[in-house]
Amino acid sequence: MKNAFGRFSRYFRRKPKPDKKPATRQKNTSRVRRSPFTPPAPPQPQPERSSNMNIEYRDQLDQHGRHTPRRIILHHTNGYFESSIEYLAKVGYGYHYLIDFDGKIVRCVPPDQLCYHAKNHNTGSIGIAFNGDTNTGELRPDGPALTEHEVLAASTLIRELRRTFEIKEIRTHAEVDPKRKQDISPAAKKQILDALDA
């Protein structure tokens, strides 16, 4: 039997299986998949694109997130126009808009984006600043009062912002933070409100 089994043992040997390589799928590079966690940003509102305004865009995008504007807070810079823009951008603060003596407007931050300009009152507010000190007249060409160009630019800008957002109030930095701030002067605010009512 041993010899007989040995005769036929070659038929009972297991044949080695051939090595199978895993199939490789080729990546489809014809389309780019968008991550579900990064939806496309909504279009930016451009409420101030008016033919009556001399405006320059220097947008600093997505610094502090987004918000829904409900109020406007008025400021003055206590400094020169260009140096104020550069300094505030470096330290992470700023205004949405700055208005120069000649009525030129510089938009530093889109109005629907959060900007640090009024402590504890940044969310929901748009910051608009004027050049120089409206209380003492320092760094201003004609004293504390706003120039006609500034009043026209500010009133036109505010009307456009009101058309785009539900702006419920216009306040000064001194009104929202009276213990620390004195800008802008009550007289300067009155000039703007009178122009808006005209």
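User: Which residues have the most contacts inside the largest nonpolar core, and how many residues does that core have?

Analyst: Start with the general idea: in soluble globular proteins, nonpolar side chains tend to be buried together. A nonpolar core here is a set of buried Ala, Val, Leu, Ile, Met, Phe, Trp, Tyr and Cys residues joined through side-chain atoms within 4.5 Å. Buried means under 20% relative accessible area, exposed means over 50%, and partly exposed is in between (1.4 Å probe, protein chains only). In this structure the largest nonpolar core has 25 residues, and Ile 72, Ile 128 and Ile 192 have the most contacts inside it. One thing to keep in mind: this is a predicted model, in which local features need pLDDT of at least 70 and side-chain atom pairs count only at pLDDT 80 or more, while totals for chains, interfaces and linings use all residues. Residues are numbered from 1 along each chain as its sequence is written, and side-chain values use heavy atoms, with hydrogens and water left out.

User: Which elements each supply at least two residues of this core?

Analyst: Helices (H or I, at least four residues) and strands (E, at least two) are DSSP runs, numbered from the N terminus. S2, S3, S5, H3 and helix H5 (186-197) each supply at least two residues of the core. Its largest share, 6 residues, comes from H3.

User: What does Ile 128 touch?

Analyst: Contact means heavy atoms within 4.5 Å. Leaving aside residues up to four places away in sequence, Ile 128 touches Ile 72, Ile 73, Leu 74, His 75, Tyr 97, Ile 99, Leu 157, Ile 158 and Leu 161. Another core, of 9 residues, lies apart from the largest one; among its members are Ile 85, Tyr 95, Leu 98 and Cys 115.

User: Now the sheet. In what order do the strands stand?

Analyst: Strands of a sheet pair through backbone hydrogen bonds, either parallel or antiparallel. For counting, two strands pair if DSSP finds at least two bridges between them. Here 6 strands form an open sheet with mixed pairing, in the order S1-S4-S3-S5-S2-S6. S1 and S6 stand at the edges with a single partner strand each, so one side of each has no neighbour in the sheet. From one strand to the next, the twist averages 20 degrees.

User: Is S2 mostly covered or open, and how do its side chains point?

Analyst: In a regular strand the side chains alternate between the two faces of the sheet. In S2, Arg 71, Ile 73 and His 75 point one way, while Ile 72, Leu 74 and His 76 point the other way. The strand is mostly covered, with 6 of its 6 residues buried. S2 pairs with S5 in the parallel sense over 6 bridges, and His 75 has Ala 129 as its bridge partner in S5. S2 and S6 also run parallel, joined by 4 bridges; there, Ile 73 has Arg 171 as its bridge partner in S6.

User: How many salt bridges are found, and which parts of the chain do they link?

Analyst: A salt bridge is a side-chain nitrogen of Lys or Arg within 4 Å of a carboxyl oxygen of Asp or Glu. The whole structure has 8 salt bridges. One of them joins the side chains of Glu 56 and Lys 104 (2.8 Å, N to O). Glu 56 lies in strand S1 (residues 55-57) and Lys 104 in the loop between strand S3 (97-99) and strand S4 (105-107), so this pair ties together parts 48 residues apart in sequence. Another joins Arg 71 and Glu 169 (3.3 Å, N to O). That pair links strand S2 (residues 71-76) with strand S6 (residues 169-172), 98 residues apart, and Arg 71 stands opposite Glu 169 in S6.

User: Which salt bridge has buried partners?

Analyst: Look at Arg 140 and Glu 150, whose side chains meet at 2.4 Å, N to O. Arg 140 is buried, and so is Glu 150.

Notes: Axes are lines fitted to C-alpha atoms, for helices over the stretch in contact, and angles run from 0 to 180 degrees between N-to-C directions.
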